[in-house]
Amino acid sequence: MNTLNIAKFGGTSVADFAAMQNCARIVIDNTNTRIAVVSASAGVTNYLVELANDDLTEAQIDMLVKQIEKIELAILEQLDNAAETRIELQCLLSELSELAHNKADLASAEGKDALLSMGERMSSLLFTEVLKQLGCPAVNFDARRVIKTDSQFGQGTPDIEAIEQQAQLLMAPALAEQVLVTQGFVGSNSNNKTTTLGRGGSDYTAALLAEALNAQTCEIWTDVIGVYTTDPRITDKARPLPELSFDEAAEMATFGAKVLHPATMVPALRKNIRVFVGSSREPEKGGTWIAKDCGDEPYYRAITRRKDQVMVTVKTPSMLYAPGFLSQVFGIIAKHNISVDLVTTSEISVSMTIDNPPNSVRKKINQQTINDLRQICEVNVEEGYDLVTVVGNNMHSQAGVSSRIFNALQNHNLRMICYGANPHNMSFLVNENNSTQVVTELHQELFE
């Protein structure tokens, strides 16, 4: 096969039978598409997360399982002569119910991953049948046979070498004869226990398979027409971008653009695989191509917002001219397995942001980590901020680029600014109540 394309379809793209038909036509219309990676149907993952993490009564568990069943069966009922698929789906629904009711297993991260994988396993079964009924030879392929990870359940780290070996052995020989439909987000460890790649990991799965099979392109089909200058829910003046560089896309994904999973760019960059982002509802409208180099690399490309930021400031007069203080601070942060994003320093203090920590991490920040840090310095934790980032190119090399941004924001209080470490972005914390206005005014100044 000279050219290979991997197509990934998100939750809204496989939400119901009509949506799945749209996706099936996208697959059929591109003869280079030989692998389709699917997310769980919209809504299913949220129900599964609730089942996995909440302390529920038996009746509540039954109700959530019924909600999932309703979504899956609504798709099944619109398929013709799908007796075999019905049997397979009922088996998966029974497995789901059993996992959901097994509270002892759900107390472990391993048990949670087994449950959370069920959404993708059901949607891939149904999507395979939709393809077949439209005349496309297709097979439902278990991603766990290829996407090998470590045993960090809930956030598995892919084993790149093992994935390539398995993909070439189990997938490559079948591609000429049929389309392989597989699950995003789902993998397995060396003991074949089910793992997951973390929320939003279906994009990552598609990129990993594209890398392992030396694909030329990887398509991410979602519910928006490509990547926009900013979130179109913030301002209706946002517009789709025809192209992005890998660097720009990585910055946007890292700093809050929800269209792409941040890890997606890593495998694509390693093998120089072009990535396309488009709408499965309106494929004819095109989308955004992401490549190593772009024809046009403007100073300002887009604005992102990442909500619910925590800022931690550590301060001590003894930091003045003292070697080793920063290493002590970050040693404590690392010991508690907390990831720091942005950092600014002065002579006697350091401020850092922690992205959107779940409750367990927030407790660590507020208790264990702070207690350890207070052994060496004063600590202040502030919440209620959003992180706004302007993404572009060579922003530090042209006079007037940064002043234009600051002029647009002269009526707003910027709590923390990070600029200069990277030519592709300028980031600042703003009060969460002002962030929509900040993004809107910045977009007006830079893009309208």
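Is the crossing of α2 and α3 left-handed or right-handed? In this predicted model, the crossing of these two helices is left-handed, and the close-up views below begin with that pair.

**View 1. Packing of helix α2 against helix α3.** Helix α2, residues 44–53, packs on α3 at an angle of about 160 degrees, and the two axes lie 10 Å apart. Because angles over 145 degrees count as roughly antiparallel, α2 is described as roughly antiparallel to α3. On the α2 side the contact is made by Val-44, Tyr-47, Leu-48, Glu-50 and Leu-51, which meet Ile-61, Leu-64, Val-65, Gln-67, Ile-68, Ile-71 and Glu-72 of α3. Sorted by class, the residues of this contact are nine nonpolar, one polar and two charged.

**View 2. Packing of helix α3 against helix α4.** The axes of α3 (residues 58–76) and α4 (residues 83–101) come within 10 Å and cross at roughly 160 degrees, which makes α3 roughly antiparallel to α4. The crossing of α3 and α4 is right-handed. From α3 the contact takes in Glu-58, Ile-61, Asp-62, Val-65, Ile-68, Glu-69, Glu-72, Leu-73 and Leu-76, while α4 contributes Thr-85, Arg-86, Leu-89, Gln-90, Leu-93, Leu-96, Ser-97, Ala-100 and His-101. By class, nine nonpolar, four polar and five charged residues take part in the contact of α3 with α4. Among the α3 residues shown here, Ile-61, Val-65, Ile-68 and Glu-72 touch α4, and these four residues are also listed in the contact of α3 with α2.

**View 3. Packing of helix α6 against helix α7.** Helix α6 (residues 109–116) and helix α7 (residues 118–133) pack at an angle of about 20 degrees, with 5 Å between their axes, and α6 and α7 are therefore roughly parallel to each other. Ala-114, Leu-115 and Leu-116 of α6 meet Met-118, Gly-119 and Glu-120 of α7. This contact of α6 with α7 comprises four nonpolar residues, one polar residue and one charged residue.

**View 4. Lining of the second largest cavity.** The lining of the second largest cavity consists of eight nonpolar residues, with no polar and no charged ones.

Conventions:
Residues are numbered from 1 along each chain as its sequence is written. This is a predicted model: local features need pLDDT of at least 70, side-chain atom pairs count only at pLDDT 80 or more; totals for chains, interfaces and linings use all residues. Side-chain values use heavy atoms; hydrogens and water are left out. Ala, Val, Leu, Ile, Met, Phe, Trp, Tyr, Cys and Pro count as nonpolar, Asp, Glu, Lys and Arg as charged, and the others, Gly among them, as polar. Axes are lines fitted to C-alpha atoms, for helices over the stretch in contact, and angles run from 0 to 180 degrees between N-to-C directions. Angles under 35 degrees count as roughly parallel, over 145 as roughly antiparallel, 65 to 115 as roughly perpendicular and the rest as oblique. A crossing is left-handed if the near helix is turned anticlockwise from the far one by less than a right angle, and right-handed if clockwise. Contact means heavy atoms within 4.5 Å.
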